[in-house]
Amino acid sequence: MSRQETNMCEVLHDMCEGETEAFDRFYARYAPLVMQVALRMLGERMEAEDVCHDVFLEVLRRGRHYDPSRGSLEAWLSVMTRSRCLDRLRKKKRVVQRDEPLEETAVSHDGSSEEMALLRLQKEALNEALQMLPDRQREAVAYSYYSAHTQQEMSAAWNVPLGTVKSWVRYGIHNMRKHMERQGWMEERKDAAKEGPR
């Protein structure tokens with residue numbers, strides 16, 4: 001953890017103890033990130049401001065339980081913001097309809113510091129999901145997507161049936177998706193319950 005991150009964790013603690021100055025510092029540091037995530041997901045500034053307000057109220061309530069070992073403050077706030085936005089979108093039944101426009105909005109902000117930070121956090125979350133897989137699933141997914149090896153070549157190299165390699169890849173991707181859903185980075189699929197546990 002960087003020195004700045006450590007300092008902001010202390011600010012978070014002081015904020016949760018009721019120090020107004022600490023709240024002002026924390027808000028000034030992280031409100032732009034929260035607003036960027038909310039505005040990109042919701043597409044409406046008024047709603048994004050409402051989410052930002054809700055997120056910081058939640059931070060005041062839950063800040064004492066923040067665990068730095070589980071991720072940075074930026075990641076924690078981004079996931080919290082995404083979760084709040086998804087709740088709003090579900091209530092309005094607009095999740096599917098808004099998916100494409102939101103992606104276009106993201107591209108239009110290419111290069112902004114907030115956008116780059118969010119992409120970095122998402123990459124970190126994906127890497128964390130990969131590292132949490134069982135060894136064989138992790139290796140199979142990594143080799144499938146980050147190397148030039150085909151699944152047939154993996155099957156021969158590991159001396160296992162091709163179907164086994166395909167299963168490792170399929171289950172690995174499924175488990176990564178579930179992890180990303182729990183963290184708020186992906187929308188939960190309605191048919192997930194039919195697939196059963198892995």
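N159 lies in the loop that links α8 (151-158) to α9 (162-182), where helices are DSSP runs of H or I with at least four residues, strands are runs of E with at least two, and both are numbered from the N terminus. The model is a predicted one, in which local features need pLDDT of at least 70 and side-chain atom pairs count only at pLDDT 80 or more, whereas totals for chains, interfaces and linings use all residues. Residues are numbered from 1 along each chain as its sequence is written, and side-chain values use heavy atoms, with hydrogens and water left out.

Most residues other than glycine have a negative phi. N159, a residue other than glycine, has a positive phi near 60°. N159 is also exposed, at a relative accessible area of 71%; exposed means over 50%, buried under 20%, and partly exposed in between, with a 1.4 Å probe and protein chains only.

The chain as a whole holds 10 helices and zero strands, and its elements, read from the N terminus, run α-α-α-α-α-α-α-α-α-α. Of its 198 residues, 38% count as buried. The accessible surface of the chain, computed by the Shrake-Rupley method with a 1.4 Å probe, comes to about 12,100 Å², and carbon and sulfur atoms contribute 51% of that area. Among the contacts (heavy atoms within 4.5 Å) with a separation of 6 or more, 63% join residues 24 or more positions apart.

The largest nonpolar core has 31 residues, of which L12, F26, V59, L73, W76 and L77 touch the most other members; such a core is a set of buried Ala, Val, Leu, Ile, Met, Phe, Trp, Tyr and Cys residues joined through side-chain atoms within 4.5 Å. Two or more residues of this core come from each of α1 (3-16), α2 (20-42), α3 (45-62) and α4 (73-92), and the largest share, 11 residues, is given by α2. L12 itself touches F26, V59, G63, Y66, L73 and W76, when residues up to four places away in sequence are not counted.

L12 also takes part in the packing of α1 on α2. The axes of these two helices come within 8 Å and cross at roughly 130°, the axes being lines fitted to C-alpha atoms over the stretch in contact and the angles running from 0 to 180 degrees between N-to-C directions. This makes α1 oblique to α2, because angles under 35 degrees count as roughly parallel, over 145 as roughly antiparallel, 65 to 115 as roughly perpendicular and the rest as oblique. Q4, E5, M8, V11, L12, D14 and M15 of α1 make the contact with A22, F23, R25, F26, R29 and Y30 of α2.
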